[in-house]
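Here are my notes on the model you sent over.

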Amino acid sequence: SSSSSMSGSYSPGYAKINKRGGAGGWSPSDSDHYQWLQVDFGNRKQISAIATQGRYSSSDWVTQYRMLYSDTGRNWKPYHQDGNIWAFPGNINSDGVVRHDLQHAVIARYVRVVPLDWNGEGRIGLRIEVYGCAYWADVINFDGHVVLPYRFRNKKMKTLKDVIALKFKTSESEGVILHGEGQQGDYITLELKKAKLVFSLNLGSNQLGPIYGHTSVTTGSLLDDHHWHSVVIERQGRSINLTLDRGVQHFRTNGEFDYLDLDYEITFGGIPFSGKPSSSSRKNFKGCMESINYNGINITDLARRKKLEPSNVGNLSFSCVEPYTVPVFFNATSYLEVPGRPNQDLLSVSFQFRTWNPNGLLLFSQFADNLGTVEIDLTESKVAVHINVTQTKMTQTDISSGSGLNDGQWHEVRFLAKENFAILTIDGDEASAVRTNSPLQVKTGEKYFFGGFLNQMNNSSHSVLQPSFQGCMQLVQVDDQLVNLYEVAQRRPGSFANVSIDMCAIIDRCVPNHCEHGGKCSQTWHSFQCACEETGYSGATCHNSIYEPSCEAYKHLGQTSNYYWIDPDGSGPLGPLKVYCNMTEDKVWTIVSHDLQMQTTVVGYSPEKYSVTQLVYSASMDQINAVTSSAEHCEQYVSYFCKMSRLLNTPGRPGWSDIFNYCLSWCLELAKQSNRCALFSYRSVPKVKCCCFQRTGFSHFMLVASGKSVSRASCELSSNTL
């Protein structure tokens with residue numbers, strides 16, 4: 001099918017590669033940017049390539065086009081490649097075939113080709129072929145209430161390895177996709193938060209508490225577009241691969257455990273109500289899932305064959321329920337004009353929008369009888385309403401509400417005005433709605449302009465305060481009537497320019513985040529920026545370190561002993577750390593501090609009761625390794641002060657042997673981690689020195705007292721014994 005045809009012999013039925021029937025291909029009645037040629041495969045297919053050709057033996061061919069796809073013939077999605085809406089190069093003559101293999105396969109029932117440019121000496125002319133193969137999958141529709149559990153045969157599931165895969169589509173920004181938990185504190189959750197995918201996992205924890213083992217990773221964006229998204233979770237012990245569509249994130253979980261211990265069941269579509277605050281505060285998933293596979297078990301097939309028992313609230317159905325919303329996509333040159341009911345004394349409009357820009361014109365309308373104008377803008381990420389009344393003298397009423405509304409999420413605007421009263425409500429929050437009782441007279445006009453302005457109106461006495469809107473709108477209501485955007489698309493009634501109806505092609509340029517070292521990404525419609533403050537880095541993507549790599553470098557700059565920030569791996573992944581640089585005449589010492597710089601009291605000791613003290617460094621072990629690997633010599637100083645006691649097992653009080661062995665093993669462990677020497681001393685035997693280095697699984701060390709060797713031995717590190 002097609003948007004139009006020049007005549008019957010130019011109809012879309014003739015638009016097949018190498019066919020010469022009719023006029024030799026499809027040509028629309030008008031060659032403009034609102035034309036399209038569409039293929040319906042009858043059911044969903046996996047599409048891998050597309051080819052085009054001009055109209056047979058003519059000067060009509062398309063030089064550039066876009067490809068849109070859809071499951072339903074509504075809610076179109078443009079084909080993306082390299083993070084952008086892709087424009088395919090077309091033909092250079094009427095009979096050559098140009099084929100493009102898609103960078104990634106697309107699953108859809110409908111495909112639309114939208115010509116963007118064509119031969120200047122002819123008009124739009126097109127023949128196409130689409131390549132792919134069959135596709136089939138069980139689909140489950142979740143209504144936001146029902147939860148689908150898969151119960152374990154043995155009431156417990158202990159796994160070292162997990163593979164969970166599914167596809168989902170939804171128009172909701174929040175919802176739990178899957179969840180499982182165990183009585184030992186283990187849990188696994190996959191959920192949507194603000195239209196991003198959040199994966200949380202805890203494999204258990206030690207005495208430090210359950211928070212220690214918690215790991216959470218966020219990926220994706222704008223996932224509430226009601227298009228299919230694929231998720232694969234692959235876990236081997238603490239090592240995780242999380243794949244969303246074609247993007248893979250690899251990470252390791254916190255904690256020390258490798259097994260996931262779950263009790264009773266894993267649920268899909270939500271968390272079963274347990275009375276816990278955590279379960280009631282999280283929304284269930286509302287939308288569709290297909291191809292749910294849990295460790296080789298086909299969950300969707302079991303559900304379809306009624307082998308699983310869904311929760312007794314809500315409905316589980318096996319066909320995807322589509323939303324009724326019709327989005328409209330605006331660029332910087334767009335406007336959408338819809339008719340209103342003129343000469344009413346009550347103005348009522350509402351709509352939803354999403355954008356990345358902090359400023360833009362949302363709506364403009366002229367009152368009847370030249371009473372004035374009403375303008376709704378996005379101004380510095382807030383919604384602002386400006387009402388100009390010109391009946392007697394120029395008066396302006398301004399109200400504003402909301403904040404941070406350029407975050408790419410859907411936001412709802414409701415505005416109502418009547419005589420001497422106006423109210424603005426954002427996101428249905430009645431408590432924070434803004435009202436005004438300013439002198440006001442309202443008489444609605446004939447037209448409402450969304451997103452932009454008619455060119456000829458720009459030359460009138462009215463000038464809008466903000467540039468055109470870039471983003472998407474949906475659920476547009478004027479004078480309490482939902483606007484039929486399909487009728488507007490046929491220009492009956494209403495008009496538009498440079499908008500795409502039934503498509504929201506917004507792109508998140510901050511996912512994946514190109515800002516390095518924790519830089520905060522923000523964006524406008526066409527670009528992104530990185531805020532590098534407090535990261536220790538500069539440049540467009542926070543790549544360049546603003547600190548010197550070592551204390552040595554600061555000395556070469558003429559600096560004296562002091563505290564400095566250093567970045568030992570430069571622009572590498574490790575962050576900067578603060579150290580004390582001791583600049584002596586012949587050497588530069590880099591001193592990394594910890595929380596036991598001062599003496600710490602040790603409580604009484606007995607063979608059954610050990611005194612354990614943990615050191616917390618001002619740097620991570622990776623940062624310490626980076627510092628030590630570039631050093632010529634390293635030391636760690638430990639001292640132990642004790643009255644009325646002797647070293648080792650010499651006559652006197654017992655216990656020194658254990659203390660000595662403990663200090664020595666701790667010294668060895670430190671040396672093992674840094675591949676460097678460590679030093680400790682006692683008051684009674686000054687400068688007892690432990691020099692350690694690794695060799696084939698053993699550590700060899702030398703004890704030195706007052707500069708003279710008194711003992712030499714080797715020990716296996718794991719035993720901590722001499």
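Is Cys 634 buried or exposed? Cys 634 is buried, with a relative accessible area of 12%; "buried" here means under 20% relative accessible area, "exposed" over 50% and "partly exposed" in between, using a 1.4 Å probe and protein chains only.

1. Ground rules. This is a predicted model, so to speak of local features we need pLDDT of at least 70, side-chain atom pairs count only at pLDDT 80 or more, and totals for chains, interfaces and linings use all residues. Residues are numbered from 1 along each chain as its sequence is written, and side-chain values use heavy atoms, with hydrogens and water left out.

2. The main core. The largest nonpolar core holds 42 residues; such a core is a set of buried Ala, Val, Leu, Ile, Met, Phe, Trp, Tyr and Cys residues joined through side-chain atoms within 4.5 Å. Phe 353, Val 383, Phe 415 and Phe 450 have the most contacts inside it. Take Phe 450: leaving aside neighbours within four places in sequence, its contacts (heavy atoms within 4.5 Å) include Phe 330, Tyr 335, Phe 351, Met 473 and Val 478. Apart from this core lies another, of 38 residues, with Phe 142, Ile 164, Val 217 and Ile 266 among them.

3. Strand S27. Seven of the eight residues of S27 (residues 382-389) are buried, so this strand is largely enclosed by the rest of the structure. Helices (H or I, at least four residues) and strands (E, at least two) are DSSP runs, numbered from the N terminus. S27 pairs in the antiparallel sense with S26 (residues 372-379) over eight bridges, and also in the antiparallel sense with S28 (residues 395-401), over seven bridges; pairing requires that DSSP finds at least two bridges between the strands.

4. Val 383, already mentioned for its contacts in the core, is the bridge partner of Leu 378. On the S28 side, Ala 384 stands opposite Ser 400. S26 and S27 make a hairpin with two residues between them, and Glu 380 in the turn has a positive phi of about 50°. That one deserves a look on your screen.

5. Disulfide tally. How many disulfides does the model have? The count comes to six, taking any pair of cysteine sulfur atoms within 2.5 Å. With the bonded cysteines numbered in sequence order, the pairing runs 1-2, 3-4, 5-7, 6-8, 9-10, 11-12.

6. Cys 288 to Cys 320. The S to S distance for this disulfide is 1.8 Å, and the link is right-handed, with 95° about the S-S bond. Cys 288 lies in strand S20 (residues 286-294) and Cys 320 in the loop between S22 (316-317) and S23 (328-339), so the bond ties together parts 32 residues apart in sequence. Cys 288 is buried at 0% relative accessible area, whereas Cys 320 is partly exposed at 23%.

7. Cys 472 to Cys 504. Here the S to S distance is 2.0 Å, and this link is right-handed too, with 95° about the S-S bond. Cys 472 sits in strand S33 (residues 471-478) and Cys 504 in the loop between S35 (495-501) and S36 (520-523), so parts 32 residues apart in sequence are tied together. Cys 472 is buried, at 0% relative accessibility.

8. Cys 551 to Cys 581. These sulfur atoms are 1.9 Å apart, and the link is left-handed, with -70° about the S-S bond. Cys 551 is in helix H5 (residues 551-556) and Cys 581 in strand S41 (residues 577-583), so the pair joins parts 30 residues apart in sequence. Cys 551 is buried at 0% relative accessibility, and Cys 581 is buried at 0% as well.
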